[in-house]
Amino acid sequence: MCGIAGYLGTHVTEELVRSMADTIIYRGPNDSGVWVDVDAGMALAHRRLSIVDLSQAGHQPMTSVNGRYVIAFNGEIYNHLEIRCELDKLGCDASLAMTGEDVFWRGHSDTETLLAGIAVWGIETTLKKTVGMFAIALWDREEKVLTLARDRMGEKPLYYGFQNKTFLFGSELKALKAHPDFLSEIDRDVLCLYLRHCYIPAPFSIYKGIQKLLPGTYVQVRLDAATSPQTLTPKAYWCMTDVVETGLTSSFEGSDTEAIRALDSQLKKAVEMQMMGDVPLGAFLSGGIDSSAVVALMQAQSTRPVKTFSIGFDEAGYNEAEYAKAVAQHLGTEHTELYVSSGEAMGVIPLLGKMYDEPFADSSQIPTFLVSKMAKQHVTVSLSGDGGDELFCGYNRYLLSDIWKKIEYVPFGGRKLAGHSIKKLSPTTWDGLFQQAGKIKKFPSNMGEKLGKLANRLEKVDGINELYYSLVSEIDCPEEIVIGATESKTWLTQTGMNSSFKDAKQHMMFMDAMTYLPDDILVKVDRAAMANSLETRVPFLDHRVVELAWKFPMAMKIREGKTKWILRQVLYQYVPQQLIERPKAGFAIPLGDWLRGPLREWVESLLDDQRLHREGFFNADFVRELWRAHLTGTRNHEALLWSILMFQTWLEEAN
């Protein structure tokens, strides 16, 4: 795993591009390199976290054997040895000259394989052949064209854009900001999107003129970009929409047994490929279905105990470490767990603004950072179970679509009355009631908050699409908070919500895979892990697993009210069912209580009325009312408040 940075423009110097890359040194602490072509106005820089081929043969930026291409590459190509074999069989020398001789390999890095493939097949064909995660910057010295490319599911980040007629790009925004032409103009319209979703959806960034490259696409910029900024249109080499359409029209037709066998086999292959490397490797283990499945398949293919990691909290309802420990003991892994106090967890908060580089407000970023920090003490690479929910129908909101169909039989007026009745009790009161009921039956945490959200939807929502949009929105009208802003249109509002699906659950899964997964889940893990110089890998997002998962009918994903049915069947071949079965909890912290308690002084300083007026981004009266309602416990506004607080924290770093 690495970090890349560069620019196409005037005043090209090694010192400047090196300074851009050095802002993200934690992404690649083992080595660094720069490459410049002053005449062409091209500068590339690379920070290396050595994983495959630890020798200087893996040094970047790397030039192809024929000298035509120069690459700065962040990521892993898991099938690069297969690609090498294919090139060897062609009898070519990576310079496009078919000589009948073996390819000349200088080392065994996947970067070198990627370059050789591009030299022989071109960029798009080579990208289609890859299995991996990556962000690529490729300079064609012959055609004077810069190509930026991103992996299919969006595991690795890549920002780009024109600023003062200079084309900038890099793994994180802070690398772009190190260039003197960067304008740092905050986009208020995008700030509205951030408050709605708690993250900034691609292709937007918090800054005007800077975009995120969409997953599964590449974009090309020509030499004259510096003098004549171009309108750039990314081109897809792989499309999630096509995968979904193919899966729905040609679904898996075998028996349950055949389907379970197929998934087990494909996941095993993905896990095996992602266990490659020349450094210590392990896995995050929460004890849930997804991470347990990954670890089980790792251990089944390992001759020694797999290193696994989990963290726990002392607060009741927020600790899953005991479940992870039980799974680890059954599988025989080398398990490390760390119990974290609330003080230690809150100690991460001052780091978040700089770590996430643009406003980001999924509060599970805190435990994700802590488990990454612990894992880094033992390994350099850690596999995770992310992606299982979106592929196998794991989120509770998917089940809500079926419940909502029944609710819609009740006239809208009756629904509004029910919602109003629920809100007569505060979230804290509901939590107390569910705590008492928990002595008889176990309930998910934060039931008071969940009921409050349900009440809001009963009062306002009419239709499944409206239901989904409300579920992924923390506020109905962010323009009421952000001064002088008009909320930007997104893929979700223009395309996703207008897509046609027979099953609402499939529709929700598709929209989550296009938005929430790459823009929240994968961002959270990437920044938290890379801040600790830890590489993370996600076997569920091997595109062949994704393609197979979408071929399974819904009856194999939800059965008898149980989500992830087929994935559970795979897992139960390795782990007893009783170790796994429990309500879905998520990777949560008691944020609402922290804001009212030990974090109250910090909140007051960031939401000070005079400060809000001086900064001029938020409607101070609106924000202060949110805070007052949360303090009294009449409403739980923890998610929206956290979004505002994370923007304030980020703004301090940005200035």
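**Sheet, helix packing and cysteines**

In this predicted model, an open sheet is built from six strands, arranged in the order β4-β5-β6-β7-β11-β12 with antiparallel pairing. The edge positions are held by β4 (62–63) and β12 (235–236); each has a single partner strand, so one side of each is left without a neighbour in the sheet. Within the sheet, strand β6 (residues 132–140) and strand β7 (residues 145–150) run antiparallel and are joined by six bridges. In this pairing, L138 has T147 of β7 as its bridge partner. The sheet is also packed against by helix α3 (residues 110–121), which touches β4, β5 (69–77) and β6. The direction of α3 makes about 125 degrees with that of β5.

A helix pair was also examined. Helix α6 (residues 188–197) packs with helix α29 (residues 638–654) at an angle of about 140 degrees, and the two axes are 8 Å apart. This angle makes α6 oblique to α29. On the α6 side, the contact involves L191, Y194 and L195; on the α29 side, L640, W642, S643, I644, M646 and F647 take part. Classified by residue type, the contact of α6 with α29 comprises eight nonpolar residues, one polar residue and no charged residues.

Zero disulfides were found in a search of the whole structure. For C198, the closest cysteine sulfur is that of C192, at 14 Å, which is too far for a bond. C198 has a relative accessibility of 9% and therefore counts as buried. C239 has a relative accessible area of 27% and is partly exposed.

How values were computed. Residues are numbered from 1 along each chain as its sequence is written. This is a predicted model: local features need pLDDT of at least 70, side-chain atom pairs count only at pLDDT 80 or more; totals for chains, interfaces and linings use all residues. Side-chain values use heavy atoms; hydrogens and water are left out. Two strands pair if DSSP finds at least two bridges between them. Helices (H or I, at least four residues) and strands (E, at least two) are DSSP runs, numbered from the N terminus. Contact means heavy atoms within 4.5 Å. Axes are lines fitted to C-alpha atoms, for helices over the stretch in contact, and angles run from 0 to 180 degrees between N-to-C directions. A disulfide is a pair of cysteine sulfur atoms within 2.5 Å. Buried means under 20% relative accessible area, exposed over 50%, partly exposed in between (1.4 Å probe, protein chains only). Angles under 35 degrees count as roughly parallel, over 145 as roughly antiparallel, 65 to 115 as roughly perpendicular and the rest as oblique. Ala, Val, Leu, Ile, Met, Phe, Trp, Tyr, Cys and Pro count as nonpolar, Asp, Glu, Lys and Arg as charged, and the others, Gly among them, as polar.
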